[in-house]
Amino acid sequence: MGRMLYLKDVTTLELDEQKCTGCGMCLNVCPHNVFKMDGKAAMIVDRDACMECGACSKNCPAGALQVQSGVGCASAVINGMLGRNGGECCCGPQTDGAGSVKNGPSCCC
Ligand code: SF4
Ligand code: SF4
């Protein structure tokens, strides 16, 4: 599968290299390969692939990662399935005017 992009230059993802202990957990949990190890610390290598799911920040034992989850793609997909406003994102699901899901939830996440 090709590289998936959320939106360019909009992710709220922040990495504090000073706090990072190099445990590698963020590499394990990130579904979009946003990180790689640079010596003994993680670094962001594909920022625009981040869809703000929050998995990295929730699992970082050092508190080195911050991301405003719940506003990005994953949230949009869930809202779309529930017929709420803000239920559209770059990768589905598509809803009709009444909020019914036309296609199944197909998302890059
Ligand atoms: S999970 Fe946190 S401490 Fe571990 S490598 Fe990633 S940023 Fe560093
Ligand atoms: S918020 Fe999700 S997609 Fe973005 S870097 Fe963290 S784990 Fe990866």
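Helices (H or I, at least four residues) and strands (E, at least two) are DSSP runs, numbered from the N terminus, and two strands pair if DSSP finds at least two bridges between them. With those terms in hand, let us walk through the structure above. It is a predicted model, so local features need pLDDT of at least 70, side-chain atom pairs count only at pLDDT 80 or more, and totals for chains, interfaces and linings use all residues. Residues are numbered from 1 along each chain as its sequence is written, while chains are lettered from A and ligands numbered from 1 in the order in which they are written.

**The chain and its confidence**

The chain has 3 helices and 4 strands, arranged along the sequence as β-α-β-β-α-β-α. A residue is called buried if 20 or more other C-beta atoms, placed from the backbone, lie within 10 Å of its own, exposed if 12 or fewer, and partly exposed in between. By that count, 30% of the 109 residues are buried. Contacts are pairs of residues whose C-beta atoms, placed from the backbone, lie within 7 Å. Among contacts between residues at least 6 apart in sequence, 41% link residues at least 24 apart.

The predictor's confidence in each residue, pLDDT, runs from 0 to 100. Its average over the chain is 78, and 59% of the residues score at least 70. Please take care with residues 90–96 and with residues 101–109: pLDDT stays under 50 over the former and also over the latter. Where pLDDT is low, the predicted coordinates should not be read in detail.

**Two ligands**

A residue belongs to the surroundings of a ligand if its C-beta atom, placed from the backbone, lies within 6 Å of it. For the classes, Ala, Val, Leu, Ile, Met, Phe, Trp, Tyr, Cys and Pro count as nonpolar, Asp, Glu, Lys and Arg as charged, and the others, Gly among them, as polar.

| Ligand | Shell | Classes | Closest residues |
|---|---|---|---|
| Ligand 2 | 14 residues | 11 nonpolar, 2 polar, 1 charged residue | Cys-30, Val-34, Cys-50, Cys-53, Cys-56 |

**Core and hairpin**

A nonpolar core is a set of buried Ala, Val, Leu, Ile, Met, Phe, Trp, Tyr and Cys residues joined through C-beta atoms within 7 Å. The largest one here holds 18 residues, and those touching the most other members are Leu-15, Cys-26, Cys-30, Phe-35, Cys-56 and Leu-65. Strand S3 (41–44) and helix H2 (55–59) each contribute at least two residues to this core. Leaving out residues up to four places away in sequence, Leu-15 touches Cys-20, Ala-42, Ile-44, Ala-64 and Leu-65. Ala-42 and Ile-44 make up the covered face of S3, while Ala-41 and Met-43 make up the uncovered one.

S3 runs antiparallel to strand S2 (residues 35–38), with 4 bridges joining them. One bridge pairs Met-37 with Ala-42 in S3. The two strands form a hairpin with 2 residues between them, and Gly-39 in the turn has a positive phi of about 70°.

**Loops worth a look**

Are they buried or exposed? Asn-33, in the loop between helix H1 (25–29) and S2, counts as exposed because it has 12 C-beta neighbours inside 10 Å. Glu-52, in the loop between S3 and H2, is buried because 24 other C-beta atoms lie within 10 Å.

Beyond its neighbours within four places in sequence, Asn-33 contacts Asp-46 and Ala-49. Its C-alpha atom is 9.4 Å from that of Arg-47, which is 14 residues away along the chain.

Finally, Thr-11 sits in the segment before strand S1 (14–15) and is buried, with 20 other C-beta atoms within 10 Å. Thr-11 and Asp-48 are 37 residues apart in sequence, yet their C-alpha atoms are 6.9 Å apart in space.

Definitions and conventions: Two residues are in contact if their C-beta atoms, placed from the backbone, lie within 7 Å.
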